[in-house]
Amino acid sequence: MRILIMEDDLGAAEAMMKGLRDAGHDTTHAVDGQDGLDAARRGGFDVLVVDRMMPRMDGLSVVSTLRREDDRTPVLFLSALGEIDDRVTGLKAGGDDYLVKPYAFAELIARVEALSRRRETGGVSTTLKVGDLEMDLIARSVHRSGQDIDLQPREFQLLEFLMRHAGQSVTRTMLLEKVWEYHFDPQTNVIDVHISRLRSKIDKGFDHAMLQTVRGAGYRLDA
Amino acid sequence: MAAMRLPGIIRTTPFRLTMLFLALFAAAAAAFLGYIYVATAGEVTRRADVEVSREISSLQAIYARAGASALNQALIERAATERPFLYLMMDATGKPVTGNIAATPVDPPGAEAHATFRVTETDADGAVVRRQAWGRQVKLAQGELLFVGADIGEAQGYVLRIVRALWGAGILVLVLGLAGGLLISRNVSRSLSGLQQVVSAVAAGDLNARAPVRDVGDEYDELASGMNAMLDRVERLMAGLRHAGDAIAHDLRSPLTRLRARLEAALIEVENGRADPTTSLAEALEDTDGVLRTFNAVLAISRLQAAGQIPNPQLFDPSELCAGLAELYEPLCEDKGLEFSVELSKGLKVRGDRSFVGQALANLLDNAVKYTPTGGAVMLRVRQRSSGEVECSITDTGPGVPEEDRARVVERFVRLENSRSLPGSGLGLSLVQAVAEAHGGRLDLDEGPGRVRGAARHPGRGPGLRTALIFPPAE
């Protein structure tokens, strides 16, 4: 995956690029907004990681300019501004996700990968399939190896999110934001309990456990 | 001093307004005077005209009946009476024939016209007096000219005296007005100078300056109390910011010191080959996350306290929020063997920030689940109090908080002895309290359902704790 990073803090950019490269991605770095805009216009990137506050041109302007030029490349905003309003402003300007500094690498990589996947599965499909696990979005039913699995509505949403990002790590914060739509973090790991319930429903009685815990990151659904 | 102050007063708005008003008044007075003068002076002439015309008719009747010599005789007789008219009879060429004035004031002398003129008289004391007179000249049937005039000096003098009195009154009004203007503007300046002093003091950095309020209840008092209220608020905000800065510095210094010490120790261990760097780094990372969590919590608390209120309040349904939280926490309770129940009233509204309230309730639920032993119960309840306030309460059957400690546990970093073994930053309740206050509400801590008999056999049934977030009614 080709990732363009617009970040004026060189130390942070270097660490970020190293982390993304280790995860198997190509990275390009732009040191300010104008530089970043020029690079983004040349195209060929799967995801843009944009710092909100940069010299010459701020992140919001870069992204809204790109969106006006009909560039739909997914954008992950990075910002030291973490208030709800700031998040909303970022998403309104055309950002697809918003990550508050400081962040864990696992979180960054998970979100970048989630964004690129989102574009690939842009088409409308009514069923999801990961390995022998199948989800019918219309009938709201789930089967594994032809066996019915009965899920609560929230469990269904949780599994849907995991299936849409199959093979990728998703963090607890991502699940809380995308599945529960909460933008605060409970101190206890409430998410873990929900995951273990889901796990007992989809993995119990099967040889192969699909729902994996990724140490230091979160969870991953594997085929 | 007075000379120094006068120009200042002249520049004030009240003084200028007084001057403008005085000028308008003077113009009105002048118009009034002019009208009075024209009206009374006209009246004097008109009355003279009536009298003179009557005399002329009477003389013309004599002339018509008995001719010029009879008229001549009549004029001589009438000129000799007390307060006579002024007569002059002239032949057709205008040469005076008889009368008590020397020449006709009419110009040209042969015309039929009227004229205002002056007569000179010598009064009883021998002083020469010039008085105003008015007369009319007519042509008689044989071509002789007859002029009859009347002395209007006395009436005219009366009018002049009135005019003079009016002028005097006008000047008096102007002087009084000017003095009044000066007084009013000095008074206003004095009222405003108190406010001005406060403004300059604040501009110079003294936030303690307050405008004097005289308790008269006038607009200056209103302005002064408004200004004082504004300054109170500014001072509170400044104090809040200062406090926030101090608090962040204090709250972060200790965990950062801990982190640094741990890293330093780890470095020595790794250098001596006694420890695995991976473990040390993982521990350091965990510590850093702890510092960041503390930082975020402290920042949120400080921002809420500094702002004093929620920045963009919106109406939301607390029951709907709690239903979501209940769904999030229910499995956690079940896993821990806690009985979890929910009681939500419908149709309630709270004005505020859904996310902050969610965080606060999550903190309370976290605590309830964390401190209640297996076998206990947790209840989440949303209801409207009879006062109209909306109450979101969480009741557990855990060990509770002794009454004497309840005020203390909401303070930052206060953790009770028996909770030290459990993870926690000691900031949870402080944040809840800050959220409650920013919503104009409060956080209440009470005893739960109370100790049950034979508590020893029911480890999950302590006295319990009831925490309630109480919001004012959303109008």
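Which residues of α8(A) are buried? The buried residues of this helix are A:V190, A:I191, A:H194, A:I195, A:L198 and A:I202, where buried denotes 20 or more other C-beta atoms within 10 Å of a residue's own, exposed denotes 12 or fewer, and partly exposed lies in between, with C-beta atoms placed from the backbone. The model is predicted, so local features need pLDDT of at least 70 and side-chain atom pairs count only at pLDDT 80 or more, while totals for chains, interfaces and linings use all residues. Residues are numbered from 1 along each chain as its sequence is written, and chains are lettered from A and ligands numbered from 1 in the order in which they are written.

**Helix α8 of chain A**
- Helix α8(A) comprises the 13 residues 190-202, which should span 18 Å at 1.5 Å a residue, and its end C-alpha atoms are 19 Å apart, which agrees.
- The expected span is 1.5 Å times one less than the number of residues.
- Helices (H or I, at least four residues) and strands (E, at least two) are DSSP runs, numbered from the N terminus.

- Five of the five residues of β3(A), residues 47-51, are buried.
- A:V47, A:V49 and A:D51 point one way from the strand, and A:L48 and A:V50 point the other way.
- In a regular strand the side chains alternate between the two faces of the sheet.
- Strand β1(A), residues 2-6, runs parallel to β3(A) and is joined to it by four bridges; pairing requires at least two DSSP bridges.
- Strand β4(A), residues 75-79, also pairs with β3(A) in the parallel sense, over four bridges.
- A:L48 stands opposite A:L4 and opposite A:V75 in β4(A).

**Residue A:V130**
- A:V130 lies in strand β6(A), residues 127-130, and counts as partly exposed because it has 19 C-beta neighbours inside 10 Å.
- Apart from neighbours within four places in sequence, A:V130 is in contact (C-beta atoms, placed from the backbone, within 7 Å) with A:M163, A:A166, A:L221 and A:A223.
- A:V130 and A:D222 are 92 residues apart in sequence and 7.5 Å apart in space, C-alpha to C-alpha.

**Contact between chains A and B**
- The contact takes 18 residues from chain B and 15 residues from chain A.
- On the side of chain B that touches chain A, α8(B) gives the most, with eight residues.

How values were computed
Two residues are in contact if their C-beta atoms, placed from the backbone, lie within 7 Å.
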